[in-house]
Amino acid sequence: MAAPKLSTREKRLLALCFGALALMGTMILANHFLQSRAAVVAKLSRLETELRDNQTWLSDQEYWEKHARWLDETMPETESLGRSQGQLLEEIQNAALDLKIRVDRQTLLEPVSQPSYREVSVNVRLEGEQDVLLRWLATLQSPERFQYVKALEFELDTRSRTPKPRARCDLTLARWFKPATSS
């Protein structure tokens with residue numbers, strides 16, 4: 001049996017259908033290409049930014065190596081984080097006692113170990129003359145002692161009847177030590 005011949009109108013409709021399918025296929029491929037291109041452009045931009053950052057770090061290599069040597073030479077070591085934490089608390093208590101600052105509350109915080117340092121910290125609530133307290137707080141943070149103020153909440157004591165203004169503060173003081181060496 002022979003296939004029926006298509007009329008001119010049917011041939012045009014068939015060509016139009018094939019044209020529409022070809023157009024849709026082209027649109028799908030173009031959309032896929034544009035999405036892939038956008039992803040590649042975004043990745044290229046991210047890599048260019050990373051390259052600039054790395055070049056900046058590389059140009060600062062001498063600076064960072066100098067600081068790394070300083071850390072290796074000067075960062076204190078400790079055998080016992082617990083003992084070091086107790087010493088830090090004792091130093092705070094003794095300094096506060098010498099300055100007539102009252103220690104209301106003291107809390108030993110959990111030691112922290114990172115790849116580049118180990119940290120001990122204590123939290124204390126202090127009360128005393130505002131001027132004395134502020135001057136003492138200003139001396140606590142020290143890169144030479146690897147000591148820094150992690151948190152500080154300071155408030156004036158408005159209920160005090162003394163001639164000199166008084167203040168209270170919650171202080172979290174931390175000290176860093178060299179990381180533990182694996183033997």
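Is glutamate 77 buried or exposed? Glutamate 77 counts as exposed, because its relative accessibility is 63%. Keep in mind throughout that this is a predicted model. Here are my notes, point by point.

1. Let's stay with glutamate 77 for a moment. Its side chain meets that of lysine 178 in a salt bridge, at 3.8 Å from N to O. The two partners sit 101 residues apart, so to speak from distant parts of the chain: glutamate 77 is in the loop between helix 2 (61-74) and helix 3 (81-98), and lysine 178 is in the segment after strand 5 (166-177). As background, side chains of opposite charge can pair when their charged atoms come close.

2. How many salt bridges does the structure hold? The count is 12. Another one to look up joins the side chains of arginine 102 and aspartate 104, with 2.5 Å from N to O. Arginine 102 counts as partly exposed because its relative accessibility is 45%. Aspartate 104 is also classed as partly exposed, given its 37%.

3. Now for a pair in the strands. Aspartate 157 and arginine 168 form a salt bridge in which the closest N and O atoms are 3.9 Å apart.

4. Next, have a look at the loop between helix 4 (130-140) and strand 4 (147-157), where you'll find serine 142. This serine counts as buried because its relative accessibility is 10%, and the cut-off for buried is under 20%. The side chain of serine 142 makes a polar contact of 3.3 Å with the side chain of glutamate 144. The serine 142 side chain also reaches the backbone nitrogen of arginine 145, again at 3.3 Å.

5. Phenylalanine 146 is in that loop between helix 4 and strand 4 as well. What is its phi? The angle is near 55 degrees, which is a positive value in a residue other than glycine. With a relative accessibility of 7%, phenylalanine 146 counts as buried.

6. Lysine 100 is another residue other than glycine with a positive phi, near 60 degrees. Look for lysine 100 in the loop between helix 3 and strand 1 (102-108). Is lysine 100 buried or exposed? Lysine 100 is exposed, because its relative accessible area is 72%.

7. On the surface, there's a nonpolar patch made of Leu6, Leu14, Phe18 and Leu21, and together they have about 410 Å² of accessible area. One of them, leucine 14, belongs to helix 1 (residues 8-59). Leucine 14 counts as partly exposed, because its relative accessibility is 39%.

8. Lastly, the cysteines. How many disulfides does the structure hold? The number is 0. Cysteine 17 counts as partly exposed, with a relative accessibility of 47%, whereas cysteine 169 counts as buried, at 0%.

Methods: Residues are numbered from 1 along each chain as its sequence is written. This is a predicted model: local features need pLDDT of at least 70, side-chain atom pairs count only at pLDDT 80 or more; totals for chains, interfaces and linings use all residues. Side-chain values use heavy atoms; hydrogens and water are left out. Helices (H or I, at least four residues) and strands (E, at least two) are DSSP runs, numbered from the N terminus. Buried means under 20% relative accessible area, exposed over 50%, partly exposed in between (1.4 Å probe, protein chains only). A polar contact is a pair of N or O atoms within 3.5 Å; within protein, one must be able to donate a hydrogen and the other to accept it, and residues adjacent in sequence count only if both atoms are side-chain atoms. A salt bridge is a side-chain nitrogen of Lys or Arg within 4 Å of a carboxyl oxygen of Asp or Glu. Patches are made of residues with over 30% relative accessible area and no salt bridge: like charges are joined within 9 Å, nonpolar side chains (Val, Leu, Ile, Met, Phe, Trp, Tyr) within 5 Å. Accessible areas come from the Shrake-Rupley method with a 1.4 Å probe; for residues, only the protein chains shown count as cover. A disulfide is a pair of cysteine sulfur atoms within 2.5 Å.
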